[in-house]
Amino acid sequence: MKLSRILFVLLLGFAAVCCTSCYPESAKISPEYRIINAWKVAHVYLNDETIEEADLHANRPGVYYNMYADHILTVMLYHNGQVRESTFSMWRLLDKNKQLSLDFTIIGHHYQYTAKVMKLTKKELIFEYDDEDHNHWRLVLYAQAAI
């Protein structure tokens, strides 16, 4: 009887430790793990103005950025009724996770830039960068599913 009570108390203590060891999203999950997700571009700002269409296909609302472990990136979008996917794609967080480097090619255009990370949670990614024509881009992406 006494042994079963001790086992019960130990089991209860173990369950309490497991349940209380949870932590909020931003507390302990590193940015390297937070960014690994399927992201969908929700809002695009060009020179601080909201846009729906852009000459740069990868900078349009509705484009998917799938970030995988080992810095692999897949950019997917619809173009002329077809799903198009990037080639030779990679991402990397730099400068203590304050910058995001993206390098990919899609629909004949090579994108290579380093953006300033404005916000990175498990559900939202916001980054900004200036293109070669000195246009300022801000992309707001939302997580689609946890990978």
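Predicted model: local features only at pLDDT ≥ 70, side-chain atom pairs only at ≥ 80, totals over all residues.
## Rings, strands and a nonpolar core

Visitor: What do Tyr65, Phe104 and Tyr111 form?

Guide: Tyr65, Phe104 and Tyr111 form one aromatic cluster. Rings of Phe, Tyr and Trp (its six-membered ring) pair if their centres lie within 6.5 Å; planes under 30 degrees apart count as stacked, over 60 as edge-to-face and the rest as tilted. By this rule the count comes to four aromatic pairs.

Visitor: What makes the pair of tyrosine 113 and phenylalanine 127 tilted?

Guide: The ring centres of tyrosine 113 and phenylalanine 127 are 6.4 Å apart and the planes meet at 35°, so the pair is tilted. Tyrosine 113 lies in strand 8 and phenylalanine 127 in strand 9, so this pair ties together parts 14 residues apart in sequence.

Visitor: Why is the aromatic pair of tyrosine 113 and tyrosine 129 called stacked?

Guide: Tyrosine 113 and tyrosine 129 are 3.6 Å apart, centre to centre, with 10° between the planes.

Visitor: Why does histidine 79 count as buried?

Guide: Buried means under 20% relative accessible area, exposed over 50%, partly exposed in between (1.4 Å probe, protein chains only). Histidine 79 has 18% relative accessibility, so it counts as buried. Histidine 79 is found in strand 4 (residues 73-79).

Visitor: Why is isoleucine 29 described as partly exposed?

Guide: Isoleucine 29 has a relative accessible area of 28%, so it is partly exposed. Isoleucine 29 is in the loop between helix 2 (25-28) and helix 3 (31-34).

Visitor: How do you know that phenylalanine 127 is buried?

Guide: Phenylalanine 127 has 0% relative accessibility, so it counts as buried. Contact means heavy atoms within 4.5 Å. Leaving aside neighbours within four places in sequence, phenylalanine 127 is in contact with residues including Leu100, Tyr113, Trp137 and Leu141.

Visitor: What makes a nonpolar core?

Guide: A nonpolar core is a set of buried Ala, Val, Leu, Ile, Met, Phe, Trp, Tyr and Cys residues joined through side-chain atoms within 4.5 Å. The largest one has 32 residues, and those touching the most other members include Ile35, Tyr65, Leu102 and Phe127. Strand 8 gives this core its largest share, five residues.

Visitor: How do you know that the charged end of arginine 138 sits over the ring of tyrosine 45?

Guide: A charge sits over a ring if NZ of Lys or CZ of Arg is within 6 Å of the ring centre and within 35 degrees of the ring normal. The charged end of arginine 138 sits over the ring of tyrosine 45, 4.2 Å from its centre.

Conventions: Residues numbered from 1 in each chain as written. Heavy atoms only, no water. Helix = DSSP H or I, 4+ residues; strand = E, 2+ residues; numbered from the N terminus.
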